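Welcome! Let us take a friendly tour of a protein model, one kind of contact at a time. Have a look at the picture before reading on.

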Amino acid sequence: FLNTNHTLYNAVKKAEQDGHLLTEEARRAALHLRIDFEKGGIHLPSGKLDRVNQLNMDAHKLCREYGENIINDPGYVDIFPASRIPRQIQHLLKPIYRLTSGVSKESLGSYEDEQEKGFRIITEPRTLFSVLQLTPDEQVRKMAYLKGNSVPHANHDVLDELINSRHELAQFVRKFEASLGGKCQQLSGKIMGCKSYAEFVMQLNMASSPEVVVSFLQEMSNMVKEKADEEFNTIRNLKRDVCGQRCVDLEPWDEAYYTTMMKSSAYNLDSAVVASYFSLPQCIEGLKLLVNSLFGASFDSVPMAPGESWHPDVLKMCIHHPEEGDLGFLYLDLFSRKGKYPGCATFAIKGGRKISETEYQLPVMALVFNFSRSHDSSIVRLNHSELETLFHEFGHALHALLSRTDYQHFAGTRVALDFAETPSNLFEYYARDYRVLKKFARHYSTGEVIPEKLVKSLNGARDMFAATELQRQIFYALVDQTLFGEQLSVPRDTNSIVAHLKRQHSNEKHVEGTHMHIRFSHFLTYGAGYYSYLYAKCFAATIWKKLCQEDPLSPTTGTLLRTKLLQYGGAKEPADLLTDLVGDGIVRYHNGGIVPDVTSCLEEMKLLDDKNRHI
């Protein structure tokens, strides 16, 4: 409703027209604010404006409903006997009991002795993945996969309504074009609606249009296909060897199990041994190491005022620089608990902004995780993937805490959507580099530094099926683009669309009755923007190779990251920031938009050959 307030809109337009805005950031802020108003339909007559407001409220309501359905209906399967579930994941599941076959309740002697124990698998994503990874019984994996990928049923209708609401919204909104220099103007003469929600979302993104994104994704899909096919055949052949049947096929519930088997065999990895070096207190020390080594600042816990915290587990941290003073505050909410937001995410509580020549409003952020407390130890230990997630989200937090923009509108992660994930992806590299890990990753009981051989094994295992994982991310991004893209026929069958794209861009079979799109929460926050993760993967690979790899903890590296990238938030064009940081070649210009150079990413994944080198 603020974006449809004519008094505010006229004030912004007047500020632009008077020419009294003295800085480039001020002019950019006025431009972006005006475009926000016009994207909100302020140019429309009152009846249509009311419709735009209603569509926006409908979309928010549907997003909330979609997310709540995922939490409230995760699905479950009951497995008997308990021996079908491997011991190392039994603590994740709920024990259940049933009467032994043929024994009537009246004839029972000792009640517990006459019951058969089993487990209920709640097929929410994290538990489901553990089951698929570690359960030898194929029928158990199949049942869990089918259930986990067919709920919540209510989201079929919710997603269809969300797609339709967003599409109708896009029809009302002015279409803008962005020159490569970032100056956005209304298309001359006419008020033109966008053809799709994807076009609406991308107007101020680097990509600038769905056509640029889809072309980029299809190009990457073609590049990765040959290697992904090889990996698929390798996994299928292992299953055939284990089963002793040459004609057996690889099913969707098999991939995680057999890839985990191959990684463990090739690198002799034991998840319990790996986790013993990543106790949560030591991992927090790793965050302190990054702040101190790169930025010359401390990252320590500070007391909270009465009632400031929303739960006793929450920590309040402060980044403090010896010369600049406090730089910002970060709440850490680390542990899983009932009723809590289920994922891992960064939330902005207060954006940084310049109040006066002598006063700056410090940013305040919250990092929310759902790490599990150990069932047999008071010390929480993370697996390596969870450590990467911790560093990823901390990258988002640093982007916010170290930005020094004049306006909250550009603070921290308030940037073009297809740039937002770049710092977070970059900081994942720090969770994989032995030179970093050896400084904080120590055995929780002996204090032994993590062995270099173990880190090499972790990274080797991680890279084993890189093409398959990249292919999966490309598929997700194409689903996202298609569902929120131009609607050539109405109504559309989303199930058929997803099945068709899977056959085109994935080796994984599509199983009738399964619907990945009904619990893919990125449709809510990243609708038509999931491709941003692939952009970030490419940008981060180039930054790591050109700037960080030689000496990742160097203060010089940290100074460059802070002064050329992080401090600007969204106050400058992303392509200009990236080029200024590492030089020409990190971005390419394509059909009026910007795409990342993929060379460093493909080299890192050993996917670059002479055939792909020109891309």
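## Buried or exposed

A residue is called buried under 20% relative accessible area, exposed over 50%, and partly exposed in between (1.4 Å probe, protein chains only). With that in hand, Tyr-531 and Tyr-535 are both buried.

A word on the source: this is a predicted model, in which local features need pLDDT of at least 70 and side-chain atom pairs count only at pLDDT 80 or more, while totals for chains, interfaces and linings use all residues. Residues are numbered from 1 along each chain as its sequence is written, and side-chain values use heavy atoms, with hydrogens and water left out.

## Aromatic rings

Rings of Phe, Tyr and Trp (its six-membered ring) pair if their centres lie within 6.5 Å; planes under 30 degrees apart are stacked, over 60 edge-to-face, and the rest tilted. The structure holds 24 aromatic pairs. Why is the pair Tyr-429 and Trp-544 called stacked? The ring centres are 5.0 Å apart and the planes are at 15°, so this pair counts as stacked. Tyr-429 sits in the loop between α13 (422-428) and α14 (434-437) and Trp-544 in helix α19, so the pair ties together parts that are 115 residues apart in sequence. Here helices (H or I, at least four residues) and strands (E, at least two) are DSSP runs, numbered from the N terminus. Tyr-429 is buried at 9% relative accessible area, and Trp-544 is buried at 6%.

Tyr-531 and Tyr-535 pair edge-to-face, with 5.0 Å from centre to centre and 80° between the planes. One aromatic cluster includes Tyr-197, Phe-200, Phe-475 and Tyr-533.

## Salt bridges

A salt bridge is a side-chain nitrogen of Lys or Arg within 4 Å of a carboxyl oxygen of Asp or Glu. How many salt bridges does a search of the whole structure find? The search finds 40. In one of them, Lys-239 meets Glu-138 at 3.3 Å, N to O. Lys-239 belongs to helix α8 (residues 210-243) and Glu-138 to helix α5 (residues 138-148), so this pair ties together parts that are 101 residues apart in sequence. Lys-239 is buried, at 1% relative accessibility, whereas Glu-138 is partly exposed at 25%.

Another salt bridge joins Glu-603 and Lys-545 at 2.6 Å, N to O. Glu-603 is in helix α22 (residues 599-604) and Lys-545 in helix α19 (residues 532-548), 58 residues apart. Glu-603 is partly exposed at 33%, and Lys-545 is partly exposed at 43%.

## The nonpolar cores

A nonpolar core is a set of buried Ala, Val, Leu, Ile, Met, Phe, Trp, Tyr and Cys residues joined through side-chain atoms within 4.5 Å. In soluble globular proteins, nonpolar side chains tend to be buried together. The largest core in this model has 137 residues, and Phe-278, Phe-394, Tyr-430 and Ile-543 touch the most other members. Apart from that core lies another of 17 residues, among them Ile-79 and Leu-132.

## A strand and its neighbours

Strand β8 (residues 325-335) has 10 of its 11 residues buried, so β8 is largely enclosed by the rest of the structure. Two strands pair if DSSP finds at least two bridges between them. Strand β7 (residues 315-321) and β8 pair in the antiparallel sense over seven bridges, and they form a hairpin with three residues between them. Along this pairing, His-320 stands opposite Asp-326 in β8.

Strand β12 (residues 364-371) pairs with β8 in the parallel sense over six bridges. There, Leu-332 stands opposite Leu-367 in β12.
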